[in-house]
Amino acid sequence: MKKYIQIDPWKIIENKFTPDNNKISESLFSLGNGKLGLRGNFAEKYSGETLQGSYLAGIYYPDKTKVGWWKNGYPEYFAKVLNSCNWIGLNIILNKSELDLNNCVIKEFSRHLDMKEGVLYRNCTITTKEGITLNIKSERFCSMSDDHTAALTYEIEILKGQGTMALSAYLDSNVENEDSNYDEKFWNEISLKEFSKGIYNEAITKKTGFHAAHACINEVSVNNEQVESINTTKSEKYISQNYELTFDKGSMIKITKYLGIHTSFDTPNDLELRTTESCQSIFNKTFAKAKEEHVEAWANKWNECDVEIKGDESAQQGIRFNIFHLHQTYSGKDSRLNIGPKGFTGEKYGGSTYWDTEAYCLPFYLSTADQEVGRNLLIYRHNQLQKAIENAEKLGFENGAALYPMVTINGEECHNEWEITFEEIHRNGAIAYAIYDYIRYTGDESYMAEYGIDVLIAISRFWAQRFNYSEAKKLYVMLGVTGPNEYENNVNNNWYTNYIARWCLQYCVKSIEGLKDSKEEILARSNFDIKELELWNKIIEKVYLPEDKELGIFLQQDNFLDKEQILVKDLDPKHLPLNQKWSWDRILRSVFIKQADVLQGIYFFEEDFDMKVIEQNFDFYEPRTVHESSLSPCVHVILASLLGRKEKAYEMYLRTSRLDIDDYNNDTEDGLHITSMAGTWMSIVKGFAGMRVKDQCLFFNPLLPDHWKEVSFKIKYRRQLLKVKIDQNKLYLLNESAQPMSVYIKDKKVKLLEHEKTTVQL
Ligand code: BGC
């Protein structure tokens, strides 16, 4: 854990440069706009520790899988989100010596990310080895108003020294991934060109053949006098515009890079033309105007998604940081895109889609973005249905059964840890649950007939084939699975998996019955045979769900109580985190739970259980949980709040809210935990505010941490906007839309006319 970021409600501030923290800061200062993004790398050379990363949505590489002993069914490749063209780069040579921040004395340094504006600022005063002292101020943003553009300014004031400066402002596709399996470079050159005033660099990925095009116009001035470039240099995958300047004490040198960025993924035709046009367009606007439009786009977003906390500034900063990154990562405009656990902030997890999207991210986007955004997240899986069927076929399933991949970028499984890839089949359940969650929240019933039912049928076929009838138990069982708790593998009858599988079958049967118009044609899309229902109904009746009646708990799996029962509080802290201190073998045999498992099921299906059951399970499982997945604390905040356990809820909240800012798990340098950020939002809205959907209405049951004076947020619900403010005694509602809406506060139903306010005593 590291606490060097200053607390501020709207800013992420670093006041001092510490090389050891540089990779962490690079993650924290990442920028993005849903189409492109980059880590907070320096524009000028830095030969110290750094993870260079510029990423483009949808652009990936199938890196050859590395395994010791190949077995049938292993995924062929591991998908990698690609580090792509470095477009911020500046090479500065002062009196023949290259400026390298790592070799300078850094006298002053600060950078801050203004989350309200979506702009990254840096200010530093440095002295080079040759004794030249400079103050450098820079700003950058990835435009939210035109997501094919970005810009940066870099302003140098000479405080001491004189001489010449050779400056190259470049586009460099000669970049690598740190996590490449065989040290391979993933890009080939397509073209390096000059166009009107700018330069153009187009490269293609090996194997996948994606084109990435970057166009840049550089504007350079000395003391406000424009300087023209002297020439252009090209070498493999690299192009730069070069300038020669002279400087004295007091000289002001300003460089602005205007970028147009397109890929063949989003721009299949006229790539070069469209890229140079985007570049020209941001250049014509000027930096100030383009920034103004970008800031305005963020202001519009914040107006609908901000969460304001009074009385806890560090929690305030935490939640805004999370919301900011979620909206930078996914804009929901393109149903071929999804949310990687690291977004545009690092290479880990390959930029792929996990069950995180359905289980954790969907509720955030449903409430803070337009309905189409949530729908697109669902359509992403519908688009990949055929691949999910093929994936199941590879494992021996048939008749249109679908097993969605645990990790995917284009619908194919692309992960190579077998216990996760093959056995965490519970992900199929979350994908079906998301359909239910979306329809329940939005009321968009049309989704079921149009898309949802195809996915539900294919998933149900999978479950029907995956359960087997146990003669011994006279019940249907599911053997050899891994539940959400990855700290035990290949277990029998994981309660969560069995429960959600049965629920999928029930939901599918009900949804088939509920189809109205064109039922036959809809079912014909899946070659559905009514006879399939026989087995499904049999299974629904007779699923084995392990429980211990005496303890009053559901059993995480058949043998859970055979394990040595120790609680986390009785473990010497030197053993934690287990995943860094213990052998895998020891972890797998232990009772310790990585993340919510039984409790994940109770969270999803809360209405199926009474409070006593929820409490008994919470009190049994939470003390055995080490929360070593960033996805774990939020589920516990929600359940602890439901149970009125304020302290526990707040303890868990802190673990999720500032996970990255304070580097809780010592891994922020790899990138941010984007998908768990949605969990932080859920912790506040579903946890402390107790928001649910009941009886087609929003429902609130608040329980604020004692020291929070007030929390407020806006919620989009069925194309209406509701402002909610909660303090220790009251709940205030403002219906910001033009139609009336009804809301439950605990068991009281309140009707709000358009633009009407109300206050309810809690
Ligand atoms: C968690 C998984 C999750 C994955 C990606 C793992 O640590 O255990 O549940 O899907 O990270 O976030």
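The second largest cavity is lined by Gly 34, Lys 35, Asp 147, Thr 329, Tyr 330, Ser 331, Gly 332, Lys 333, Asp 334 and Leu 337. A cavity here is a set of points on a 1 Å grid, laid over the protein atoms alone, where a 1.4 Å probe fits but cannot get out, and lining residues have an atom within 4 Å of a point. The model is a predicted one, with local features needing pLDDT of at least 70, side-chain atom pairs counted only at pLDDT 80 or more, and totals for chains, interfaces and linings using all residues. Residues are numbered from 1 along each chain as its sequence is written, and side-chain values use heavy atoms, leaving out hydrogens and water.

That second largest cavity holds about 70 Å³, a volume being the space filled by probe spheres set on grid points that are joined across faces, edges and corners. Its lining splits into two nonpolar, four polar and four charged residues. In this scheme Ala, Val, Leu, Ile, Met, Phe, Trp, Tyr, Cys and Pro are nonpolar, Asp, Glu, Lys and Arg are charged, and the others, Gly among them, are polar.

Across the whole structure, the search turns up eight cavities of 30 Å³ or more. By class, the lining of the largest cavity comes to five nonpolar, three polar and five charged residues.

Then there is the ligand. The residues around it, each with a heavy atom within 4 Å, include Pro 341, Tyr 349, Tyr 354, Lys 594 and Leu 631. The shell as a whole has five nonpolar, two polar and three charged residues. Ligand oxygen atoms lie 2.5 Å from a polar side-chain atom of Asp 356, 3.0 Å from a side-chain N or O atom of Trp 355 and 3.1 Å from a polar side-chain atom of Glu 486.

As for charge pairing, the count comes to 46 salt bridges, each a side-chain nitrogen of Lys or Arg within 4 Å of a carboxyl oxygen of Asp or Glu. One of them joins Lys 23 to Glu 49, with the closest N and O atoms 3.5 Å apart. Lys 23 sits in helix H1 (residues 22–28) and Glu 49 in the loop between strand S3 (36–38) and strand S4 (54–56), so the pair ties together parts 26 residues apart in sequence.

Note on methods. 1 Å grid on protein atoms, 1.4 Å probe; cavity = no way out; pocket = protein on both sides within 12 Å on 5 of 7 lines; lining within 4 Å. Polar contact = N/O pair within 3.5 Å; in protein donor to acceptor, adjacent residues only side chain to side chain. Helix = DSSP H or I, 4+ residues; strand = E, 2+ residues; numbered from the N terminus.
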